[in-house]
Amino acid sequence: MKQVVTFGEIMMRLSPPLNYRFAQTQSLEITYGGGDANVGASLAGFGVPAAHVTCFPANDLGHAAAQQFRALGVNMDATVYQGDRLGLYFLEVGAGMRPSKVVYDRANSAFAHLDPAAFNWDEILKDAGWLHWTGITPAISASSAEATRQAIAAARRLGITVSADVNYRRNLWQYGQTAQSVMSELVEGCDIVVCSENDADDLFGIVPEPGTDNKFVSVARQVMARFPQIKQVITTRRKTHSASHNGLKGIYYDGQQFLETVTYDINPIVDRIGGGDAFMAGFIYGSLAYTNPQQALTFGVAASALKHTVHGDVNLVTVAEVEEIMKGNTSGRLLR
């Protein structure tokens with residue numbers, strides 16, 4: 001199996017223990033994560049060769065973050081060390097009717113100031129069969145957007161599958177270029193995208209056609225018409241009963257068939273951060289391991305459902321555990 005390469009920022013995550021609020025905690029737990037890197041780490045846990053490309057400051061925090069992902073089986077050899085600081089984010093985990101909250105402290109991070117010329121993408125991707133990125137990466141800075149563009153261009157030259165979770169984050173686009181102009185060029189080089197109806201509207205001005213019965217299919221069809229390289233559009237549907245109780249299913253369109261999964265009931269939620277990354281990693285694994293897209297989609301959603309039971313950004317579950325969920329074994333019965 002060829003390597004899956006992911007590209008994007010990794011941040012240090014600082015969280016109060018249990019469900020403590022920021023105002024009452026006396027300590028913060030450290031983990032590391034990033035939308036793209038979480039995908040690579042999940043795939044490594046599934047036995048897929050995975051490499052992550054990023055930029056860290058050349059200090060103890062940068063090296064600690066790299067070591068955390070190496071310990072998860074991710075190849076970090078293409079890491080560039082330059083700049084002054086590691087991006088941070090703070091997470092207060094909610095419960096019941098109280099939602100979780102995230103506070104970012106990532107301005108002027110090493111990744112935001114990376115040099116695109118520091119990455120030799122033809123060399124980085126020489127053993128790869130798949131490149132994955134998210135819309136967070138080009139939103140950080142003009143230089144990270146340019147590096148993303150160069151990575152996609154190299155993947156296209158090398159005949160590598162390219163996927164993206166377009167992941168529109170309005171507040172990140174602060175460097176003078178619009179998400180609409182930057183993302184349109186990048187998405188042109190993708191084979192697979194995670195894109196909801198809201199993302200399609202915000203990024204591409206695409207809305208469901210009047211009178212359509214299936215709004216997702218209508219939007220996906222228009223996305224594929226505008227970007228002919230795209231062969232599959234996927235996303236999840238989340239039903240939020242409370243911060244501790246969600247329902248989750250996956251949906252898919254490839255220009256011919258619409259697919260959806262069963263809805264997984266997730267109660268209680270331990271940590272929902274990284275759930276979308278777990279879905280993408282599961283879909284990539286399923287696309288490589290199974291013979292049809294329904295299985296790939298179901299594996300992705302089952303993996304994401306399990307992620308909600310795991311602390312931290314990364315989905316620390318095995319293929320066998322996901323396949324048990326796919327079989328309907330969701331009781332959580334004690335295994336001896």
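Which residue in β13 is the bridge partner of Val-233? The answer is in point 1.

1. Tyr-253 in β13 is the bridge partner of Val-233. The model is predicted. Strand β12 (residues 232–242) takes part in the pairing described here. Its partner β13 covers residues 245–253, and the two strands pair in the antiparallel sense over 9 bridges. They form a hairpin, with 2 residues between them.

2. The other partner of β12. Strand β11 (residues 192–194) also joins β12, through 3 bridges. Here the strands run parallel.

3. The four-stranded sheet. An open sheet holds 4 strands in the order β3-β2-β7-β8, with mixed pairing. The edges are β3 (29–33) and β8 (101–105), and each of these pairs on one side only. Neighbouring strands are turned by 25 degrees against each other on average, direction ignored.

4. Inside that sheet. Strand β2 (residues 11–15) pairs with β7 (residues 88–92) in the parallel sense, over 3 bridges. Leu-14 stands opposite Phe-90 in β7. Helix α2 (residues 60–71) lies across β2 and β3. The helix runs at about 70 degrees to β3.

5. Aromatic pairs. The structure holds 15 of them. One is Phe-7 with Phe-111, a tilted pair at 5.6 Å centre to centre and 45 degrees between the planes. This pair links distant parts of the chain, 104 residues apart. Phe-7 sits in strand β1 (residues 3–7), and Phe-111 in the loop between β8 and α3 (121–124). Phe-7 counts as buried at 1% relative accessibility. Phe-111 counts as buried too, at 1%.

6. A second tilted pair. The ring centres of Tyr-89 and Tyr-104 are 5.9 Å apart; the planes are at 40 degrees, so this pair is tilted. Tyr-89 belongs to β7 and Tyr-104 to β8, so the pair ties together parts 15 residues apart in sequence. Are these tyrosines buried or partly exposed? Tyr-89 is buried, at 4% relative accessibility. Tyr-104 is partly exposed, at 43%.

7. An aromatic cluster. Phe-7 and Phe-111 return here. Together with Phe-119 and Trp-121 they form one aromatic cluster.

8. Cysteines. How many disulfides does a search of the whole structure find? The count is 0. Take Cys-195: the closest cysteine sulfur, in Cys-190, is 11 Å from its own sulfur. A disulfide needs the two sulfur atoms within 2.5 Å, so this separation is too far for a bond. Cys-195 is buried, at 2% relative accessibility. Cys-55 is buried as well, with a relative accessible area of 2%.

9. Annotation. An unreviewed UniProt entry carries the annotation "domain: Carbohydrate kinase PfkB" over residues 1–314. In the model, the end C-alpha atoms of that span lie 22 Å apart. The span is 34% helix and 24% strand.

How values were computed
Residues are numbered from 1 along each chain as its sequence is written. This is a predicted model: local features need pLDDT of at least 70, side-chain atom pairs count only at pLDDT 80 or more; totals for chains, interfaces and linings use all residues. Side-chain values use heavy atoms; hydrogens and water are left out. Two strands pair if DSSP finds at least two bridges between them. Axes are lines fitted to C-alpha atoms, for helices over the stretch in contact, and angles run from 0 to 180 degrees between N-to-C directions. Contact means heavy atoms within 4.5 Å. UniProt positions are given in the numbering used here, feature names are shortened, and annotations may be inferred rather than shown by experiment. Buried means under 20% relative accessible area, exposed over 50%, partly exposed in between (1.4 Å probe, protein chains only). Rings of Phe, Tyr and Trp (its six-membered ring) pair if their centres lie within 6.5 Å; planes under 30 degrees apart count as stacked, over 60 as edge-to-face and the rest as tilted.
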